[in-house]
Amino acid sequence: MDLSDAYANGPYIAQAEDYPPRWNAAAAAFRAEMAAEGRLKAGLTYGDGPREALDLVLPEGAPQGLMVFVHGGYWMAFGRETWSHLAAGAVARGWAVALPSYDLCPGVRISDITRQIAAAVTRAAGEVDGPIRLAGHSAGGHLVARMLAPAMLPEDVAARIAHVMPISPLSDLRPLMQTGMNERLQLDADEAWAESPVAMAPPQVPVTVWVGAAERPVFLEQARWLGEAWSRPVVVDDEKHHFDVIDGLAEPDAAITARLLG
C-alpha cells in the first residue's frame with residue numbers, strides 16, 4: 001500500500017501555498033524587531049555544519065527559563081528563519097526561546113538529525129538558566145519526543161526538562177516507509193522503529209501531545225498512538241489543521257502557549 005496521499009497535507013488545506021510566504025514574512029518582521037531591541041542572538045553554532053546553528057530570542061529582563069521550538073517539514077525542508085515569530089508568545093511571557101536549524105534528508109539520516117537536536121538543546125541550555133520546555137511540530141514533534149530517550153541529553157540538561165509538547169507529531173515512523181518520501185528519508189525497518197517515540201519507554205517528564213481536529217486522519221492517529229504509548233494527554237485543537245495548529249505559539253494568551261509554559 002502506498003501511503004503517500006495519507007501523509008500529504010498541502011492538497012487538503014485551502015490556499016496551502018500561501019502559508020510559507022506568510023510564515024517567512026511574520027518571522028522576518030519579528031526577527032527585525034528583536035534585533036533592533038538587542039534581544040536576538042542569531043546563528044549560535046552547536047556543530048560544525050552550516051545548518052547546525054540556532055537563534056536565541058530573549059525576553060525583557062531575566063528569563064524564567066528556556067523554550068526550544070523545533071520545526072517540521074518531514075525532516076526535508078525549512079530552517080529556523082521561517083519560524084521566528086512562533087517565539088513571540090513565550091518571549092512575551094518572560095521565556096527565552098531557541099529555534100534550531102538542522103541538516104535535511106537525504107543528506108543525513110533521521111537518526112543524525114535527532115543527535116543534532118540533542119546538541120542544539122544542550123547548546124541552548126548553556127545560554128539560559130532555569131527549566132526547559134520543548135515544543136516541536138510534525139517532524140519537530142518527533143524530534144522533541146526523542147529528546148526524552150535515556151541518555152539522549154546530558155544528565156544535567158535532561159534534569160531541567162519540565163514539559164515536552166509534541167505538536168502533530170510523527171510518533172511511529174514505520175508507515176513512512178510506504179510513502180514516496182522514503183526515497184529521500186531512506187528509512188529501513190530498524191531505523192524506523194529505533195527512531196519511533198512509541199517504541200520508547202514512557203518518560204517521567206510531563207508531556208502533552210497536541211494535534212489539530214481538522215488534520216489528516218493519520219496525524220490524529222499518530223498523536224493518539226503517542227498518547228496511548230506514554231499514557232499522556234492528547235489535546236485535539238478545534239478546527240485547526242496541520243498548517244495553523246502552531247499559530248497560537250505566537251500569542252502569549254493562546255491555549256497552546258499557556259499549556260506549554262504553565
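Mentor: A salt bridge is counted where a side-chain nitrogen of Lys or Arg lies within 4 Å of a carboxyl oxygen of Asp or Glu. Please keep in mind that this is a predicted model, in which local features need pLDDT of at least 70 and side-chain atom pairs count only at pLDDT 80 or more, while totals for chains, interfaces and linings use all residues. Residues are numbered from 1 along each chain as its sequence is written, and side-chain values use heavy atoms, with hydrogens and water left out.

Trainee: How many salt bridges does the rule give?

Mentor: The count comes to 13, and one of these pairs is Glu 195 with Arg 146, whose closest N and O atoms are 3.2 Å apart. This pair links distant parts of the chain, since Glu 195 sits in the loop between H7 and strand E7 (209-212) and Arg 146 in helix H4 (residues 139-146), 49 residues apart; helices (H or I, at least four residues) and strands (E, at least two) are DSSP runs, numbered from the N terminus.

Trainee: Is Glu 195 buried or exposed?

Mentor: Buried means under 20% relative accessible area, exposed over 50%, and partly exposed in between (1.4 Å probe, protein chains only). Glu 195, at 4%, therefore counts as buried, and Arg 146 is buried too, at 8%.

Trainee: Which residue does Asp 188 meet in a salt bridge?

Mentor: Asp 188 meets Arg 109, at 3.9 Å from N to O. Asp 188 is partly exposed, with a relative accessible area of 37%, and Arg 109 is partly exposed at 27%.
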